[in-house]
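Subject: Structure for you to look at

Dear colleague,

I am passing on the structure we spoke about, with the sequence alongside. Please open it first, and then read the notes below with the model on your screen.

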Amino acid sequence: MSLGSAFEPTLAAARVGAEWAWRDLYRDLAPVVLRYLRARRAPEPEDLTAEVFVQVVSKLEQFTGSEDDFRGWIVTIAHRRFIDSLRSRSRRPVDPVSDEVLALTGDVGDPEEQALTTIASQEVQQAIRHLSPDQQDVVFLRLIAGLSIAEVAEALGKKPGAIKALQSRAVAALRRDLPQAVSS
């Protein structure tokens, strides 16, 4: 979803605290942020999504640009919050519940998660896990968040040429690891 011509008035209204404007911005962008964080296997992606929007509220006055710039800015914040959460977890490790225990509890009924699981086969997930962290970031930001190369470069603090190279290497690695998926 895109706000299109309603973006500028919605952003202006959000800056003065209009509840409807924040609701519209959140409805438009929260699913993108949540999909990105889930795809990156972020710990507690819903909580991280909320943290992203708390930061957006506190920093909104600093933002300038178009709707595409705004989307890139929010995904950049999401990426940075994700990295922060990984650093935090490495300092305070958590003992996760095993997959076997989770399987005994059954489905929890999250349709989006079930759809993502159905679409993304285990082979694809495994192949993506073999990519470097930078390549994974590029793949997820380009495919899941739908960002342009320039937006990914800004989000990751890299040059567009580096993003193109990372994307090219990631695609080549996926083609090598998934020959039957690519040829069909």
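Helix α4, which covers residues 67-91, has 25 residues and reaches 36 Å from its first C-alpha to its last, close to the 36 Å expected at 1.5 Å a residue. The N-terminal end of α4 is capped by S66, where a side-chain oxygen lies 3.4 Å from the backbone nitrogen of D68. Please keep in mind throughout that this is a predicted model, and that the values here are computed from it.

As for the chain overall, there are 11 helices and zero strands. Of the 184 residues in the chain, 36% are buried, and the accessible surface comes to about 11200 Å², with 54% of that area belonging to carbon and sulfur atoms. When contacts between residues at least 6 apart in sequence are considered, 61% of them join residues at least 24 apart.

F70 deserves a look on your screen: leaving out residues up to four places away in sequence, F70 touches F7, L11, L25, L29, V56, L60 and F63. Ring pairs also link F70 with F7, F63 and W73 into a cluster.

A search of the whole structure finds six aromatic pairs. In one of them, the rings of Y26 and F53 have their centres 4.8 Å apart and their planes at 65°, so the pair is edge-to-face. This pair links distant parts of the chain, since Y26 is in helix α2 and F53 is in helix α3, 27 residues apart. Y26 counts as partly exposed, at 41% relative accessibility, whereas F53 counts as buried, at 9%. Y36 and F82 form another aromatic pair that is edge-to-face, at 6.5 Å centre to centre and with 75° between the planes. Because Y36 lies in helix α2 and F82 in helix α4, the pair ties together parts that are 46 residues apart in sequence. Both Y36 and F82 are buried.

Is D137 buried or exposed? The relative accessible area of D137 is 5%, and the cut-off for buried is under 20%, so D137 counts as buried. Leaving aside neighbours within four places in sequence, D137 is in contact with Y36, R40, H79 and L156.

Most residues other than glycine have a negative phi. R41, although not a glycine, has a positive phi of about 60°, and R41 sits in the loop between α2 and α3. At 52% relative accessibility, R41 counts as exposed. E44 is placed in the loop between α2 and α3 as well, and the phi of E44 is near 55°, again a positive value in a residue other than glycine.

Definitions and conventions
Residues numbered from 1 in each chain as written. Predicted model: local features only at pLDDT ≥ 70, side-chain atom pairs only at ≥ 80, totals over all residues. Heavy atoms only, no water. Helix = DSSP H or I, 4+ residues; strand = E, 2+ residues; numbered from the N terminus. Expected span 1.5 Å × (residues − 1). Polar contact = N/O pair within 3.5 Å; in protein donor to acceptor, adjacent residues only side chain to side chain. Buried < 20%, exposed > 50% of the residue type's maximum accessible area, 1.4 Å probe, protein only. Contact = heavy atoms within 4.5 Å. Areas by Shrake-Rupley, 256 points an atom, 1.4 Å probe, with all protein chains shown as cover. Phe/Tyr/Trp six-rings, centres within 6.5 Å; stacked < 30°, edge-to-face > 60°.
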